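User: Please go through the labels used for this structure and say what each one rests on.

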Amino acid sequence: MKIQKHVYDVVIIGAGGAGLNAAQVASQYVNTAVVAKVYPTRSHTISAQGGIAASLGNEEPDNWHWHMFDTVKGGDYLGDQDACEYLCRLAPEMIVELEHIGMPFNRTKEGKIAQRPFGGHTSNYGEKSVRRACYVADRTGHAMLQTLFEKSVAQGTQFYSEFYALELINTDGVVNGVLCFDMKDGSLHLFHAKAVIMATGGSGRVYMTNANAHINTGNGVAMSLRAGFTWSDPEFFQFHPTGIYGHGNLITEAVRGEGGYLLNGNGERFMERYAPTIKDLAPRDIVSRCMAQEILEGRGAGANKDHIKLKIDHIGAAAIMEKLPGIHELAHIFAGVDCTKEPIPVVPTSHYQNGGIATNYLGSVITGGNGVYDTVVPGFYAAGECAASVHGANRLGTNSLLDLVVFGRTVGERAAKYAKENKLVDMKADAGKTGLALLNKFANANGKHTFNEIYTKMATTMQANVGVFRKGENIEKAIKELKEAQEMMNDFRVTDKSSVYNLDLIEALEMEDMLLVSRMIAESALARKESRGSHYRDDYPDRDDKDGQKHTQAFLEADGSVRLDYRPVRTKPLTVETFPPKKRVY
Ligand SMILES: Cc1cc2nc3c(=O)[nH]c(=O)nc-3n(C[C@H](O)[C@H](O)[C@H](O)COP(=O)(O)OP(=O)(O)OC[C@H]3O[C@@H](n4cnc5c(N)ncnc54)[C@H](O)[C@@H]3O)c2cc1C
């Protein structure tokens, strides 16, 4: 089939908050295109609810040192501290920038940007909860994505929507393109670029109960692995405490920030027992484990004692309708409850991929081995949920939207600069071969196994064996089942043979990637013999402070197996006086 060629300075894969912020910045300097498998405003960022962190100090004293301390501690000391510092220091100016390009933040009575508390965000190095999250009711991601989309359109970004990226082109160590197919008519497109930014979001769909969009299938990480790059810390997958029971849809932590709290089946506010200071606003990994513990020990709610209740009615119907209208609607539709009168039934739900493609603090993808792990890959950048360095073993709520804009802007600027200073590198002769092979494998698949069958096998075993609580023998069981599922992909059936919106084919490609992602998560989880952040091993319940503070680096070998290596955590902040923190307020 004929392949259409396109040439740009910068090509961005993904149109969520990270991709769009990179786009609106890069487009100011160079010719920029965005490819995305959905229309940009359908990216998962649209569903972010509770807020975006920044130590503006609009409601009470705050500063970036406290924010950085919380981010490093919340990540259980696995976040790269130069990146944590960069994130927290830039946060206040990013909020002002977003506000200037049109993001309609909620306001205080005096007209300043309003802020609410969120889990793990404290003042004075853990002393008490602090109001740090800026928000637009409970539709912060919606407001952000629309604002950034408008801005990138205004800057002249070229959009290729409903283009599915199949292969990241690595030409002898330089990343210079991506092969896509247009879902609308099945045509193939090879984008040739001086720089490529990966911004494809997360992979939460690999778990049965999850709060993610259907498109969050880990394609960006899978593409990068196939192109020879690393996935840093796959085993750290965040479970959000409050997914709607039976569905998994997210009930934002802002509900607890606004005064909501959790009750077990006996009507007890159990978080007071586990985290007496910050109670229901402890970091997500802790709250999720406490909830699971309550249920396991027979103190769950409902006839089957299998969930927890989230009470919010006491803050009053007017406050709920003003600050949490979307939650009111979700609770009504999915749980059938009116949360102005009764509690919402919740369980922990898979939420966020803490790890990602390894980057330095400026968003350049890094690779290496044999003791050297920070070799910058020319022309390749990553930002947002598909990238790693800042959240360590567990991300704090509202730090992701911040990550999207901080690192989105950084990679947008740096990719544009790189494109201006460098020539277009010729594509390797067999560019697109891997992507085409994948496409052909499934376009002609007439076997017996279906998406539903394989997806259920994978998501069930991930949920049961590589979820909130993990144990060696269970993870081994999951790896065995995942290998079987990968084998089943060789006997797959794609019923639809058309080239127009062939969602059967898309599902097959996504399934292949989800299995790769799951294998990586499970194998890394088996190898990490300690408990840290979102990775909790029943058989190794303690954090290993001697050997555990290192990043897992997962590679895909040519025979399909997983190779694990480790890279030291960057513990040196950008300025020496900032960490360990001294008491100082701006
Ligand atoms: C329900 C929910 C609520 C949340 N609330 C908050 C919150 O209040 N605060 C906070 O900080 N964080 C929150 N988060 C987390 C945060 O929203 C996400 O981590 C973040 O939005 C991810 O943004 P992104 O730009 O990395 O990717 P996404 O927004 O997920 O976008 C990914 C893009 O990549 C594209 N893509 C993927 N694969 C391909 C492919 N093969 N080819 C072409 N394109 C592809 C998609 O089309 C999409 O455009 C929430 C997450 C969820 C799920």
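**Sheet and ligand shell**

Analyst: Five strands, in the order 18-15-10-19-20, make up an open sheet with mixed pairing. Its edge strands are strand 18 (387–388) and strand 20 (562–568), each of which pairs on one side only. Strands (E, at least two residues) and helices (H or I, at least four) are DSSP runs, numbered from the N terminus. This is a predicted model, in which local features need pLDDT of at least 70 and side-chain atom pairs count only at pLDDT 80 or more, while totals for chains, interfaces and linings use all residues. Residues are numbered from 1 along each chain as its sequence is written, and side-chain values use heavy atoms, with hydrogens and water left out.

User: What makes strand 10 and strand 15 a pair?

Analyst: Two strands pair if DSSP finds at least two bridges between them. Strand 10 (residues 231–232) and strand 15 (residues 356–358) have two bridges, in the antiparallel sense, so they meet the definition. S232 stands opposite G356 in strand 15.

User: Which element supplies the largest share of the shell around the ligand?

Analyst: Helix 11, with four residues. Helix 11 spans 399–421.
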